[in-house]
Amino acid sequence: MGSEDSTKNQAYQKTQIKCKLKILLLIIVTNILTIFIVTGSYSNLQDPISRFSKQFSLPIWDSTTTLLIKLNATEDDLVATRFELENLGQKLKSANSLIKTLSVQLSRVNIDVRETSKEKHFVYDDLLADISDEAKLSLGSHKLPLGFTPQMGSDKVYPSVGGACLKHKDDLSNYMSYVIGGDCPVDDVSAQKLMLKGCEPLPRRRCHPKSPVGYIEPTPLPESMWSIPPDTSLVWDPYTCKNYQCLVDRTGDKARYDCKDCFHLQGREKTRWLFDNGGIDYGIDQILGLKPRGTIRIGLDIGGGTGTFAARMKERNVTIITTSMNFDGPFNSFIASRGLVPMHVTISQRFPFFDNTLDIIHSMHVLSNWIPESMLEFILYDIYRILRPGGLFWVDRFFCLGLQLNATYVPLFDRVGFRKVRWNVGRKMDRGIEKNEWYFSALLEKPKT
């Protein structure tokens with residue numbers, strides 16, 4: 001019995017050892033599988049039993065030394081994997097930080113784009129922000145009562161005003177300072193300076209211009225064209241002279257005035273354009289005779305002084321509008337008193353006529369070398385624009401220096417495309433021959449196509 005019990009105990013102990021080894025092996029396998037799962041080695045776990053059998057090909061009842069070595073190696077791999085995960089975490093943090101920075105910058109860019117779009121959309125209103133309320137009301141946009149109109153392509157109307165008005169905001173605010181519904185200030189001089197600075201046309205105002213005291217009805221046509229109007233026909237406040245006789249007497253004054261003999265209708269004005277000397281002085285009848293009778297009907301005189309060219313043309317049944325400035329003299333009022341049509345505009349403004357409409361355009365002295373060359377070219381093209389095909393451009397005594405004549409102005413006029421009907425050159429002698437000053441006159445025709 002004793003030997004039999006001993007045998008049973010030994011068998012039992014062996015069985016226990018085998019069970020413990022199996023349990024140990026199961027724990028090891030479970031740990032290895034857990035490690036593989038944690039480290040994301042999914043591809044290595046697709047067949048864990050096969051892999052385990054390959055790694056642990058030794059019988060389980062052999063020594064556990066090999067298992068421990070492999071466990072240590074796995075632990076090292078796990079440490080390395082954790083280190084890589086930590087590095088990856090740091091990179092993710094850096095990436096998140098970069099994304100946040102980019103997001104902030106993108107938000108700022110979007111804000112800038114919105115602000116830029118807003119500025120572009122409201123740039124005109126922004127320019128009006130720091131001028132007087134009355135100026136803002138006059139220059140600002142106005143909603144159309146009936147809404148959007150296809151003809152305008154908008155639901156708002158913007159008053160036409162020179163862009164340079166907003167460059168001289170103090171002068172503009174002064175011009176727009178008055179009692180609404182009351183009398184306008186007598187500011188003709190400052191208003192004209194604004195125009196000459198490019199603020200043209202001037203904005204409309206809600207006030208009444210000062211009226212002359214004792215105004216009487218004008219002289220009837222045709223007598224009015226060659227008579228001096230009454231002094232009560234205008235307001236003299238802006239001018240040095242306070243009556244017409246003072247203006248007439250300027251003819252013999254040595255002081256420098258603009259067109260100082262223009263108001264003396266019985267002087268040189270009486271004979272202007274009546275005779276053609278074959279040189280730089282052309283006669284009206286000779287010019288009109290170049291076209292079929294009655295085909296020269298309407299036209300423009302640029303810088304026409306007191307309107308004598310228009311008066312001569314009116315005597316020949318031709319209607320001429322005269323542009324003129326009031327340089328220390330009531331030029332526009334005087335033109336109107338003669339029964340002619342004045343237009344108070346500078347040479348800088350685009351001519352307010354439609355394309356291909358006028359029969360004749362005349363200019364004496366105003367178009368000269370004082371105008372910048374590029375600006376003059378635009379003016380000449382604008383003249384070409386408003387002349388009808390076959391219309392005439394009469395260049396009357398264009399002043400320049402001898403060096404400029406062939407080098408600058410002949411090529412400039414040729415570029416515009418007029419056909420030369422007449423071209424005459426004469427030396428200006430009143431200041432001496434050494435000055436090398438010249439006039440040229442020309443009759444140019446807009447070609448027919």
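Trainee: Is Glu-315 buried, partly exposed or exposed?

Mentor: Buried means under 20% relative accessible area and exposed means over 50%. In this predicted model, Glu-315 has a relative accessible area of 36%, so Glu-315 is partly exposed. Salt bridges that share partners join Glu-315 with Asp-285, Arg-312 and Arg-316 into one network.

Trainee: Which residues does Glu-315 pair with, and how far apart are the atoms?

Mentor: With Arg-312, the closest N and O atoms are 3.1 Å apart. With Arg-316, the N to O distance is 3.5 Å. Arg-312 is buried because its relative accessible area is 7%.

Trainee: Where does Asp-285 come in?

Mentor: Asp-285 forms a salt bridge with Arg-316, the closest N and O atoms lying 2.7 Å apart. That pair links distant parts of the chain, 31 residues apart: Asp-285 is in helix 8, and Arg-316 is in the loop between helix 9 and strand 4. Arg-316 is partly exposed at 25% relative accessibility, and Asp-285 is partly exposed at 43%. The whole structure has 26 salt bridges.

Trainee: How do I read the burial of a helix?

Mentor: An α-helix has 3.6 residues a turn, so residues three or four places apart point the same way. In helix 11, the buried residues include Leu-376, Ile-379, Ile-383 and Ile-386.

Trainee: What covers the buried residues of helix 11?

Mentor: The cover includes strand 3, strand 6, strand 7 and helix 12.

Trainee: Which residues make a nonpolar surface patch?

Mentor: Leu-85, Leu-88 and Leu-92 make a patch of about 280 Å². Leu-88 lies in helix 3 and counts as partly exposed at 45% relative accessibility.

Note on methods:
Residues are numbered from 1 along each chain as its sequence is written. This is a predicted model: local features need pLDDT of at least 70, side-chain atom pairs count only at pLDDT 80 or more; totals for chains, interfaces and linings use all residues. Side-chain values use heavy atoms; hydrogens and water are left out. Buried means under 20% relative accessible area, exposed over 50%, partly exposed in between (1.4 Å probe, protein chains only). Helices (H or I, at least four residues) and strands (E, at least two) are DSSP runs, numbered from the N terminus. Contact means heavy atoms within 4.5 Å. Patches are made of residues with over 30% relative accessible area and no salt bridge: like charges are joined within 9 Å, nonpolar side chains (Val, Leu, Ile, Met, Phe, Trp, Tyr) within 5 Å. Accessible areas come from the Shrake-Rupley method with a 1.4 Å probe; for residues, only the protein chains shown count as cover. A salt bridge is a side-chain nitrogen of Lys or Arg within 4 Å of a carboxyl oxygen of Asp or Glu.
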